[in-house]
Amino acid sequence: MCASPVTSRIRVKKRPCYILLLNVLIPLFFLTCLCLQCTQIAKPGSEAHIRRITSQITDEYLMNADLFPENWVTYGGNYAEDRYSILTQINKDNVNQLQLKWALNLGTKRGIEATPLVADGIMFLTSTWSKVHAIDTRTGTLIWTFDPEVPKYYGEKLCCDVVNRGLALYKGRVYFGTLDGRLIALDAATGKKQWEVITVDQSKYYSITGAPRIVKGQVIIGNGGAEFGVRGYITAYDAMTGEQRWRFYTVPGDPLQPFESDALKMAAKTWSGEWWKYGGGGTAWDALVFDPDLNMLYVGTGNGSPWNRLYRSDGKGDNLFLSSILAINPDDGTLIWHYQTTPGDHWDYTATQPIILADIELNGEMRHVLMQAPKNGFFYVLDRTNGTFISGEKYTYINWAEAIDKTTGRPIEMPFSRYKKENAVISPGPNGGHNWHPMAYNHKTKLVYIPVQLNAFTYGNTKDWKPVKKGSNLGSIPLNDLPTRLDETAPDNMNEGVLLAWDPIKQTSVWEINHRAFSVNSGVMTTAGDLVFQGTADGKFRAYDAHNGTVLWEYNLTTGVVAPPVTYLVDGKQFISIAVGWGGGIPSLWQKATSQINPGTVFTFELGTDSSRTYGGFEKFKPLELISIDITATQNELDMGGELYERYCLICHGEVGMTGGSIPNLAYSNETTFNMIKDIVLGGIYLDKGMPNLSDRLREAELELIKKYILNTAKELSMDLIKSSE
């Protein structure tokens with residue numbers, strides 16, 4: 001920043017006029033040069049400009065982020081993570097004048113989940129394979145990209161796409177986690193690496209997809225991988241040096257070894273069997289929220305590993321701290337209090353979903369609360385000072401529990417929900433009533449806006465279950481001969497999304513918008529301009545009236561959206577930005593609600609006079625057709641091929657014949673691809689695309705069975721289409 005000139009009173013002797021003139025001109029010359037230099041330094045998008053504006057992001061700045069609404073410098077917009085902007089330049093009266101300012105193609109077709117961060121018009125964004133981009137929002141041009149070069153075989157170590165949800169800014173640096181478990185600090189001005197630490201055992205199926213948070217000079221990061229047999233924890237690193245400050249494990253380890261803390265010694269009493277051999281789970285892969293006034297870090301923890309408590313813990317115990325909200329002292333990593341949303345998790349009901357901090361009036365008393373809508377389908381309001389349960393009600397359709405006991409704060413489970421003697425169709429399924437997609441709290445309407453998901457899943461015990469070294473260890477897939485209990489009370493459309501406006505005080509719905517195209521839609525943002533913004537699976541980006549849900553503006557992005565939008569000011573003008581890239585979860589990997597999936601793109605909007613423009617920068621693809629290759633196969637071969645497909649292919653490619661999401665459905669492959677299938681699956685020639693080499697666990701004869709199963713299923717689907725058209 002240019003310093004103000006300093007003047008002083010100087011006694012001057014009487015000199016000739018030309019000398020006096022030189023005494024004036026020379027300082028003016030140097031002052032002019034200095035100002036020109038300052039102008040050059042301050043040029044938006046220059047290294048000096050970026051370094052200056054990002055160096056201002058200190059602990060004090062982050063604690064007062066609401067005072068700087070022109071920027072969006074932390075994941076949830078502020079430490080409360082309420083995703084509420086006080087900007088009103090764009091409001092419900094003029095939002096219909098929004099028009100596209102620019103669109104930047106990021107050159108990827110995998111999922112983009114990131115929340116962009118913006119400081120004085122400079123945007124920082126993560127995309128697929130943990131890449132980081134710096135963008136000048138004034139022009140929509142790319143400043144720099146950093147590729148951490150994650151090994152592509154890590155694609156099979158992930159449950160839910162090669163995604164990353166965001167980063168952190170602090171004192172001139174950008175911090176982010178990588179899919180292979182590294183935490184990296186970059187120079188925000190140049191994109192050059194400052195330091196890197198490995199936060200996980202890379203020989204195991206750990207991953208990082210969540211955004212780090214800055215807390216008191218520390219970078220806090222968790223990890224994922226509970227489906228694959230790991231033990232969860234969060235770690236604090238010195239933001240300047242990368243040195244580890246502390247680590248908190250979310251589940252106990254081997255009881256024959258010393259416990260890392262008294263909290264884990266207590267938690268071990270709620271476990272049985274030999275859980276530590278299967279990892280235990282409890283990974284903290286998303287929610288990390290800091291209250292600087294109370295000096296508490298709130299952490300949402302994940303599901304058990306394996307899902308099925310029968311195999312994980314002999315069917316016994318609450319299994320702390322799975323599916324819990326933890327309050328941790330950020331100075332030393334010690335536990336202050338805990339609340340478990342789903343005791344003895346049996347369904348992948350994580351509590352890693354976004355947490356919002358707010359002060360609300362309840363029964364005439366102002367309470368410091370935290371709010372969460374975790375996967376299990378209940379909306380929780382807790383006293384964040386001590387973890388006391390205040391209220392909890394169903395925010396979506398669920399059948400696994402009747403209600404929350406208002407005295408104990410524990411769910412009242414239905415008799416069939418543990419699927420002990422029969423398989424059962426249970427809602428919500430493992431995708432949850434609400435997943436990672438951010439919700440938002442509007443301080444004017446006092447409503448929380450939640451991207452809700454309607455879904456169900458057939459749970460059951462896997463006969464003769466054994467943990468596998470590579471791949472998921474769920475133990476809840478009904479590979480048995482038991483009857484299945486159907487759900488006769490479920491809504492007609494169990495693949496539907498809802499934008500829900502929820503009153504956290506009355507614990508009731510105020511209004512809702514149904515997205516019938518798909519259950520998964522984008523995260524949300526709300527503003528003091530009485531607006532709520534959300535993208536949808538069928539490619540629409542909409543602004544809603546925050547009071548009643550009326551659609552006030554819509555723009556067709558042409559590709560399904562999962563990431564949340566942000567808003568900020570550039571040179572006094574309000575912008576709205578959203579990163580678009582379909583993927584990021586099991587439904588999105590398998591299916592889509594648009595005609596095609598276009599490259600990941602950042603779209604930015606401003607007020608203007610022409611709101612009808614659409615982005616036409618994507619080529620049109622030829623419609624996919626089912627593969628048709630004659631095969632000869634016995635029913636036994638097809639059955640065996642189906643089992644192998646389910647074991648090795650289903651988690652990425654989905655059921656044969658689905659529409660295909662961010663990963664192609666194999667029923668729509670071409671003949672050339674099938675002729676190369678051995679090289680692809682057993683030779684690893686598509687490893688650079690994220691397709692693993694399965695030669696270490698799959699034999700050539702087994703691959704042939706899978707091939708026959710896919711081709712036969714595609715043939716049957718083609719015949720069904722012909723019959724339905726007659």
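1. Start at the loop between strand E16 (288–291) and strand E17 (296–300), where Asn295 lies. Asn295 is not a glycine, yet its phi is positive, about 55 degrees. Most residues other than glycine have a negative phi. Keep in mind that this is a predicted model.

2. Look next at Asp530. This residue sits in the loop between strand E34 (524–527) and strand E35 (531–535). Its phi is also positive, about 65 degrees, and Asp530 is not a glycine either. Is Asp530 buried or exposed? Its relative accessible area is 12%, so it counts as buried, the cut-off being under 20%.

3. Now the peptide bonds. Most peptide bonds are trans. Ser305 and Pro306, however, are joined by a cis bond, with omega about 0 degrees. Pro306 belongs to the loop between strand E18 (304–305) and helix H5 (309–313).

4. Another cis peptide bond links Ser427 to Pro428. Here omega is about -10 degrees. Look for Pro428 in the loop that runs between strand E27 (423–426) and strand E28 (440–442).

5. How many cavities of 30 Å³ or more does a search of the whole structure find? The search finds 5. The largest cavity holds about 100 Å³ of space.

6. Which residues line the largest cavity? They are Ala65, Asp66, Phe68, Pro69, Asn71, Trp72, Gly77, Tyr84, Ser85, Ile86 and Thr567. By class, this lining has 6 nonpolar, 4 polar and 1 charged residues.

Methods
Residues numbered from 1 in each chain as written. Predicted model: local features only at pLDDT ≥ 70, side-chain atom pairs only at ≥ 80, totals over all residues. Heavy atoms only, no water. Helix = DSSP H or I, 4+ residues; strand = E, 2+ residues; numbered from the N terminus. Buried < 20%, exposed > 50% of the residue type's maximum accessible area, 1.4 Å probe, protein only. 1 Å grid on protein atoms, 1.4 Å probe; cavity = no way out; pocket = protein on both sides within 12 Å on 5 of 7 lines; lining within 4 Å. Points joined across faces, edges and corners; volume = space filled by probe spheres on them. Nonpolar A, V, L, I, M, F, W, Y, C, P; charged D, E, K, R; others polar.
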